[in-house]
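Here are my comments on the structure you asked me to look over, written as numbered points so that you can follow each one with the model open beside you.

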Amino acid sequence: MAAAAECDVIMAAPEGPGLLGGEEETRRYSFAGGCREGQGVPQVDWSIEAESFKEQGNAYYAKKDYNEAYNYYTKAIDACPNNASYYGNRAATLMMLGKFREALGDAQQSVRLDDTFVRGHLREGKCHLSLGNAMAASRCFQRVLELDRTNPQAQQELKNASAVLEYERIAEIDFEKRDFRKVVFCMDRALEFAPACHRFKILKAECLALLGRYPEAQSVASDILRMDSTNADALYVRGLCLYYEDCIEKAVQFFVQALRMAPDHEKACLACRNAKALKAKKEDGNKAFKEGNYKLAYELYTEALGIDPNNIKTNAKLYCNRGTVNSKLRKLEEAIDDCTNAIKLDDTYIKAYLRRAQCYMDTEQYEDAVRDYEKVYQTEKTKEHKQFLKNAQVELKKSKRKDYYKILGVDKNASEDEIKKAYRKRALMHHPDRHSGASAEIQKEEEKKFKEVGEAFTILSDPKKKARYDSGQDLEEDGMNMADFDANNIFKAFFGGPGGFSFEASGPGNFFFQFG
């Protein structure tokens with residue numbers, strides 16, 4: 001705009017009375033029927049008064065007091081409405097005030113009055129370009145070059161108009177390809193030449209919304225709505241931002257308002273339909289879940305996910321909800337996948353991390369659970385999240401030790417009698433004497449298992465040791481050196497000491513148990 005200001009000040013000055021062809025030129029504009037008549041006042045007096053208003057307007061324009069310049073140019077036009085230069089100067093003033101649409105009207109009137117008025121054509125072209133109509137702008141600049149082949153401003157502005165047309169062309173292709181970042185780039189470049197083009201701003205705002213850059217998109221749409229509260233495109237983009245931020249009810253209100261302004265607005269119509277369908281499916285899914293109908297809830301959430309792949313935040317919640325359903329159905333791996341999809345869409349979604357972490361705990365994937373709980377605690381340092389993390393860390397530590405419950409083949413809530421029965425069965429199964437005829441490799445493996453069974457029984461049969469083991473404490477730190485553990489002593493004590501038990505062969509590969 002700075003360059004335009006400098007150019008227009010220079011342009012305004014030569015249109016003073018002394019440079020329009022002197023008194024004869026002034027008379028030509030006046031007596032052509034352009035100046036008003038006053039009772040008993042010669043027509044030429046009104047022409048002189050109009051020129052005086054124009055000169056005062058030029059002076060204010062040079063001082064950059066454009067509002068006052070506008071007032072005086074308007075007085076000049078009122079006094080002599082058929083003078084092309086007056087409309088041209090008022091157009092220049094309106095351009096400096098950023099009122100390009102009003103300026104366009106004045107510029108067009110100036111060239112209607114004088115089709116050879118070069119500055120009028122330049123200003124009309126500049127207004128068209130600023131408003132985003134590059135084709136019309138090009139025609140104006142070409143007309144200037146017909147009148148003045150070497151006009152440098154027209155040559156440069158024609159290049160600018162061609163650049164805008166090219167940015168429009170590329171943006172249209174990239175929008176179809178869903179390359180919204182490139183569309184934003186093209187619109188930013190085009191807006192450098194067309195700062196008043198609402199169409200370019202709306203396309204940029206829509207792409208910003210589709211990229212998830214909602215505050216930027218809302219800012220652009222709100223700026224337009226402040227100037228034109230009935231702009232259907234801006235209302236649509238405002239609703240789109242709310243829709244993508246999962247404020248669906250408010251979004252529908254904006255879509256409905258946009259459709260009131262423009263009933264055939266296809267994008268607003270589609271978005272409104274999707275918003276209503278998404279809201280209904282999600283609510284139906286929530287209702288089915290609360291009623292315990294998990295299969296129906298799963299189906300409804302799945303249908304909702306197919307409505308609009310662009311609605312990232314709502315879809316993230318739907319994936320998490322479906323993950324919760326899968327966890328209720330004990331489809332834990334599917335639940336993990338759903339939560340992972342939710343996190344891919346929204347990596348700040350704490351609920352999805354918590355749900356996935358619990359599924360990892362349930363499937364004994366403790367390292368992954370710890371990682372998720374760490375993420376949650378770093379984001380929200382609450383006591384509850386701290387406890388979740390601590391529990392996962394304990395389970396991870398426990399998972400790296402021998403699982404004595406698994407060794408004995410019992411549940412973690414097994415009774416004392418169940419533990420004894422399990423030990424009896426496993427100890428007899430892996431006793432070295434039973435495998436004395438096997439290969440050295442098998443004997444070594446069975447001896448190892450026999451020792452582990454004895455370790456497991458020693459810990460789980462003692463309430464205090466079992467409690468420490470269950471809490472994740474390091475047993476060796478409590479004075480238990482499992483390396484010095486003798487499984488045979490446990491076996492003998494359990495089965496009644498020396499002579500209380502022996503293996504007897506009843507044939508090749510067959511044994512029976514002999515109790516003393």
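The points below begin with the whole protein and then turn to its aromatic rings and to one pair of helices.

1. Please keep in mind throughout that this is a predicted model. The protein has 26 helices and two strands, and of its 516 residues, 44% are buried.

2. A search of the whole structure finds 13 aromatic pairs, and one of them is formed by Tyr60 and Tyr72, whose rings are stacked, with 5.6 Å from centre to centre and 15° between the planes. Because Tyr60 belongs to helix H3 (residues 43-62) and Tyr72 to helix H4 (residues 66-79), the pair ties together parts that are twelve residues apart in sequence. Tyr60 counts as partly exposed, since its relative accessibility is 26%, whereas Tyr72, at 14%, counts as buried.

3. The rings of Tyr61 and Tyr66 have their centres 5.2 Å apart, and because their planes stand at 75°, where anything over 60 degrees counts as edge-to-face, this pair is edge-to-face. Tyr61 is buried, with a relative accessible area of 1%, and Tyr66 also counts as buried, at 11% relative accessibility.

4. How do the axes of helix H11 and helix H13 cross? The axes of H11 (residues 198-210) and H13 (residues 232-244) come within 10 Å and cross at roughly 10°, and because angles under 35 degrees count as roughly parallel, the two helices are roughly parallel to each other. On the H11 side the contact includes Ile202, Ala205 and Leu210, and on the H13 side the residues include Val237, Leu240 and Cys241. The residues of this contact divide into ten nonpolar, no polar and two charged.

5. Finally, Tyr214, Tyr236, Tyr243, Tyr244 and Phe255 form one aromatic cluster.

Technical notes: Residues numbered from 1 in each chain as written. Predicted model: local features only at pLDDT ≥ 70, side-chain atom pairs only at ≥ 80, totals over all residues. Heavy atoms only, no water. Axes fitted to C-alpha atoms, helices over the stretch in contact; angles between N-to-C directions. Helix = DSSP H or I, 4+ residues; strand = E, 2+ residues; numbered from the N terminus. Parallel < 35°, antiparallel > 145°, perpendicular 65-115°, else oblique. Contact = heavy atoms within 4.5 Å. Nonpolar A, V, L, I, M, F, W, Y, C, P; charged D, E, K, R; others polar. Phe/Tyr/Trp six-rings, centres within 6.5 Å; stacked < 30°, edge-to-face > 60°. Buried < 20%, exposed > 50% of the residue type's maximum accessible area, 1.4 Å probe, protein only.
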